[in-house]
Amino acid sequence: MTTITATTDATTRPAKMPPQIPYIIGNEGCERFSFYGMRNILTVFLMTSLLLAVPESMRKAEAKEVFHTFVIGVYFFPLLGGWLADRFFGKYPTIFWFSIVYCAGHACLALFDDNIKGFYFGLFLISLGSGGIKPLVSSFVGDQFDKSNRTLAQKVYDAFYWIINFGSFFASLFMPILLKEFGPRVAFGIPGLLMLVATVILWSGRQKYVHQPARGANPDSFIKVVWTALKAGGLGMGVALLGLLGAAYSLSQMNGLGFVPAVCLALVLVMGFGGLGASLQLDRARGKHADEAVDGVRAVLRLLVLFALVTPFWSLFDQKASTWVLQADQMTKPEWFQSSMMQALNPLLVMILIPFNNLVLYPVVEKMGIKVTALRRMGLGIALAGVAWIVVGIMQLWLDSGDKVSIVWQILPYAILTLGEVLVSATGLEFAYSQAPLSMKGTITSFWNLSVTIGNLWVLLSNVSVKSPSALQAIKSTGYSETACLMFFFAGFALLAATLFGLVARRYPMQDNYRG
């Protein structure tokens, strides 16, 4: 095990790539194949097998709800994984044991392909295992670098994201075929075997990693500083109480919203209003907590404002595996082509765009005198997601009018959305790590993943809201279908978020929180 014993002047030696990085990259490639292998056939499997007992008119909505509830869990459990790693076990042990849970979840999917309760339990275990490791693997990558070689970190994060999509590409291409030809046990069993391989690769490099120890109970932790600020009373506590009232109302609407959306919305309201209240009177925590801790919390709260504005992007992005797949079912295509196979286009484009951006696009833009900052990339990426959904909305209007539309047309929105993904997601991994105080690396990466949970929460809430009589009447008055109206709604949602993101980013103070 490698430990950190001294700092080195970054100017005295050339930047060197850590030799342990291939183990982490190999682990991530196999893990992502396993995850996307099951995720990308999930909607189709639900529609054609597991939910056949549900009336056909309700089956699409039910499949979308199951899918997005699963994704909410995947991106909510990072809070648990980040807390356990930072407080008790450190990153590597937490990643390893959650990986075992992950493998058990895959086994349940393969064994209980005709049992709803067993299958859903498998989805729960995968969301727990995948979510538990999600904030840690990317921050574990950052731990392998210091200030002497941090210039290589963004290249590794790009490679990290490239290998994610390498696994996703082959999973998206072959899993639908395996599902059709060999059935769900094989189609869900193979991703389980890949997850086992990923765990073995991670274990093989255990003696080579830089291990940042868990920091244990911290009297100046993020939560404790926020609570001290709120306990001081005043306007901040009043704002936090508004969040509690909103959470209580959300839970009271559980029958209408559903259990998972109601609970997630309640937590979002508590965290959002609690953070806003603490920011209003954070200086009242000085004296009871170290100034460094108070300043660190202020930096995190600023960062969370940006994360909140990224959530609409995930609302749009994750629906390519649900709404876009269902749209593809309505399009003309070769008999052998499965609708879910179209998702292979996304990782293929990512593998092309990441090197293209780094080697061609960014250098050209820099030569034009425009600095390609992380925040500019992310803002543009959110806007591009909105443009992609305008395109699919137009195609939905064609379908609704009875026109035959080739699935080839979906290539255009996939290309636009994927460029947005590269600008937001690949950039956001390194950005989240670099902006987090040293004591909060796992936790802040958990908040980054929580933005995906909230994005999928917006999808579920919009699907519930659109069923209200007033919303149905408004949609009817437009002359468009419910699906088309929702597509244009999400497009506008993303474009508004991109505008607000750009305004907030102009005043955001950049940090450099790599270790010395």
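Val310 contacts Met378, Ile382, Val424, Trp448 and Phe501, neighbours within four places in sequence being left aside. Contact here means heavy atoms within 4.5 Å. The structure is a predicted model, in which local features need pLDDT of at least 70, side-chain atom pairs count only at pLDDT 80 or more, and totals for chains, interfaces and linings use all residues. Residues are numbered from 1 along each chain as its sequence is written, and side-chain values use heavy atoms, with hydrogens and water left out.

Val310 also stands out in the largest nonpolar core. This core holds 155 residues, and Phe70, Val310 and Phe501 touch the most other members. Helix α13 (residues 291-317) gives the most to this core, with 14 residues. A nonpolar core is a set of buried Ala, Val, Leu, Ile, Met, Phe, Trp, Tyr and Cys residues joined through side-chain atoms within 4.5 Å. Buried means under 20% relative accessible area, exposed means over 50%, and partly exposed lies in between (1.4 Å probe, protein chains only). Helices (H or I, at least four residues) and strands (E, at least two) are DSSP runs, numbered from the N terminus.

Helix α13 packs with helix α20 (residues 482-505). Their axes come within 9 Å and cross at roughly 155°. Axes are lines fitted to C-alpha atoms, for helices over the stretch in contact, and angles run from 0 to 180 degrees between N-to-C directions. The two helices, α13 and α20, are therefore roughly antiparallel. Angles over 145 degrees count as roughly antiparallel, under 35 as roughly parallel, 65 to 115 as roughly perpendicular and the rest as oblique. The crossing of α13 and α20 is left-handed. A crossing is left-handed if the near helix is turned anticlockwise from the far one by less than a right angle, and right-handed if clockwise. From α13, the contact with α20 draws on Val305, Leu306, Leu309, Val310, Pro312, Ser315 and Leu316. From α20, the contributors include Phe490, Phe493, Leu500, Phe501 and Val504. By class, the contact of α13 with α20 has 15 nonpolar residues, one polar and no charged. Ala, Val, Leu, Ile, Met, Phe, Trp, Tyr, Cys and Pro count as nonpolar, Asp, Glu, Lys and Arg as charged, and the others, Gly among them, as polar.

Residues of α1 in the contact include Tyr23, Asn27, Cys30, Glu31 and Phe33. Those of α8 include Phe188, Ile190, Pro191, Leu194 and Met195. The contact of α1 with α8 comprises 13 nonpolar, six polar and one charged residues.

Tyr36 also lies in α1. Its relative accessibility is 13%, so Tyr36 counts as buried. Leaving aside neighbours within four places in sequence, Tyr36 contacts Ile164, Ser168 and Ala171. Tyr36 and Ala171 are 135 residues apart in sequence, yet 6.1 Å apart in space, C-alpha to C-alpha.

The crossing of α5 and α6 is left-handed. Their contact has 18 nonpolar, 10 polar and two charged residues. Trp97 lies in α5. With a relative accessible area of 57%, Trp97 is exposed.

Helix α4 (residues 78-89) has Pro78, Gly81, Gly82, Leu84, Ala85 and Asp86 buried. Just after α4, Gly90 takes a positive phi of about 85°. In helix α9 (residues 222-231), the buried residues are Phe222, Val225, Val226, Thr228, Ala229 and Leu230. Gly233 follows α9, with a positive phi near 80°.

At 52% relative accessibility, Gln207 counts as exposed.

Met237 belongs to helix α10 (residues 235-252). Met237 is partly exposed, at 22% relative accessible area. Residues up to four places away aside, Met237 touches Leu230, Lys231 and Gln281.
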